[in-house]
Amino acid sequence: SLIRIRHRAVRGTGPSGILGTPKMDNSTRQAAQINLSRGGLGSAPPLPPQEIAAVASQEATHVVISEIQAGTDAGQNDEFIELYNPTNAEVSLTGWSLKKKTSGSDEPKALVVASRLEGKRIPAQGYLLLVNEEGYKGSVAADVAWAKSNTIAYTNNSVALYDASGA
């Protein structure tokens, strides 16, 4: 199923404005719903507590985008996307892809092509870390790298996760 990430940018506690560390539990489920169309992370006020509670109470039954970093002071390509599998079963990512849509385009463009996810699996209640192959500066090892020419570009973009059926 298509998973669109559209909500409000959030302000994190780390130096790069993220809410957590890749492959670790985040402080809230708020990071799973980031809107990249308001100028990127750290540019909007945090969600009010009642909205955080509403998001946190809606446990997903499918793979979700749990965290996004769209550039830092260390570099505009210091990017990652973390996927989380909240289910009790391992999920194969063969045939899946991630795409981004800019405000100036009608069609989504490839960010992480299906061939890069071929044979990859997310364990039950586990994480998968995808990174920009030449920009990521984090200390957590990546599971998948996407082409350096594909960037999240944190202004006026949306990121979507497509399953093997293309939905």
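The model is a predicted one, in which local features need pLDDT of at least 70 and side-chain atom pairs count only at pLDDT 80 or more, while totals for chains, interfaces and linings use all residues. Residues are numbered from 1 along each chain as its sequence is written, and side-chain values use heavy atoms, with hydrogens and water left out.

Strands are DSSP runs of type E with at least two residues, and helices are DSSP runs of type H or I with at least four, both numbered from the N terminus. Glu90 has a relative accessible area of 49% and is partly exposed, and Arg121, at 45%, is also partly exposed; the classes are buried (under 20% relative accessible area), exposed (over 50%) and partly exposed (in between), calculated with a 1.4 Å probe on protein chains only.

A further salt bridge is formed by Glu133 and Arg116, with the closest N and O atoms 3.2 Å apart. Here, too, distant parts of the chain are linked, as Glu133 sits in the loop between strand S8 (127-132) and strand S9 (144-146) and Arg116 in helix H2 (residues 114-117), 17 residues apart. The relative accessible area of Glu133 is 40%, which makes this residue partly exposed, and Arg116, with a value of 30%, is likewise partly exposed.

The side chains of Glu134 and Lys148 also meet in a salt bridge, with an N to O distance of 3.6 Å. Because Glu134 lies in the loop between S8 and S9 and Lys148 in the loop between S9 and S10, the pair ties together parts that are 14 residues apart in sequence. Glu134 counts as exposed at 55% relative accessibility, whereas Lys148 is partly exposed at 45%.

Tyr162 is placed in strand S10 (residues 157-162) and counts as buried, because its relative accessibility is 10%. Although Tyr162 and Trp96 are 66 residues apart in sequence, their C-alpha atoms are 5.5 Å apart in space.

Methods
Salt bridge = Lys/Arg side-chain N within 4 Å of Asp/Glu carboxyl O.
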